[in-house]
Amino acid sequence: YLLDGVAGSDTYKNGVLLPDTNGDFSTGKGIRLVGEGVDTVLKAGSANMIVVRHSRLYSGGESYRIDGAGLSNVIGLALAPESLTQTTELVSQSFAVYRGVTVENCTEGMLLQPGPTVTGSDSGAFYHRFYNMDFNLNTRHVWMKPDVTAANNRTTRTSFYGCTFLRGNTGVQIDAGTEIDF
């Protein structure tokens, strides 16, 4: 599937968006994107895009491949707010579960970035589980960034099981993360 992307609310285009819950953090209903194995390919069709943007609670995916096609400034999988720069809305992309997803040929294989602190409350970015993920030929395979409000929001309580990191410049960069298990 060649994804040209739709303009998002920040500088990135979105290929596939798992939208946030508009501040309703009580919902256990998520969205799962399920393919039929590595022959199910979500391919970046333009530069400056996020192929799969995961901005929702209790969501995830399995059994597909993300291909950044070697285009510039492509993030394969982002567990991040719908806008990486917004500072006014609490968001939570917590409790993500991904299995058997391959991410390759991207500038950033996977970005984990929590939402902002708003009126003293932190957005959520925790309890993620990644099983048998393959990261290949990405400039940086996994990047855990702080929120944009510099309030020290971080990715936390996240685990990687049986994941491989091959032929990249940087494997895992943790700028803001605690309780990360490999």
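Biologist: How far is the sulfur of C106 from the closest cysteine sulfur?

Modeller: A disulfide requires two cysteine sulfur atoms within 2.5 Å. In this predicted model, the closest cysteine sulfur to that of C106 is in C163, 15 Å away, which is too far for a bond. Starting from C163 leads back to C106, again at 15 Å and too far for a bond. A search of the whole structure accordingly finds zero disulfides.

Biologist: Do these cysteines count as buried or exposed?

Modeller: A residue is called buried when its relative accessible area is under 20%. C106 has 3% relative accessibility and therefore counts as buried. C163, at 18%, counts as buried because it also falls under that limit. In the protein chain, 48% of the 182 residues are buried.

Biologist: Which secondary structure does the protein chain have?

Modeller: The protein chain has 17 strands and zero helices. Among its contacts with a separation of 6 or more, 83% join residues 24 or more positions apart.

Biologist: What does the radius of gyration say about the protein chain?

Modeller: One sets the value against that of a compact globule with the chain's number of residues. For 182 residues such a globule would have a radius near 16 Å, and the 15 Å of the protein chain agrees with this. The C-alpha trace spans about 45 × 35 × 30 Å along its principal axes.

Key:
Residues are numbered from 1 along each chain as its sequence is written. This is a predicted model: local features need pLDDT of at least 70, side-chain atom pairs count only at pLDDT 80 or more; totals for chains, interfaces and linings use all residues. Side-chain values use heavy atoms; hydrogens and water are left out. Helices (H or I, at least four residues) and strands (E, at least two) are DSSP runs, numbered from the N terminus. The radius of gyration is taken over C-alpha atoms; the globule rule is 2.2 Å times the number of residues to the power 0.38. Buried means under 20% relative accessible area, exposed over 50%, partly exposed in between (1.4 Å probe, protein chains only). Contact means heavy atoms within 4.5 Å.
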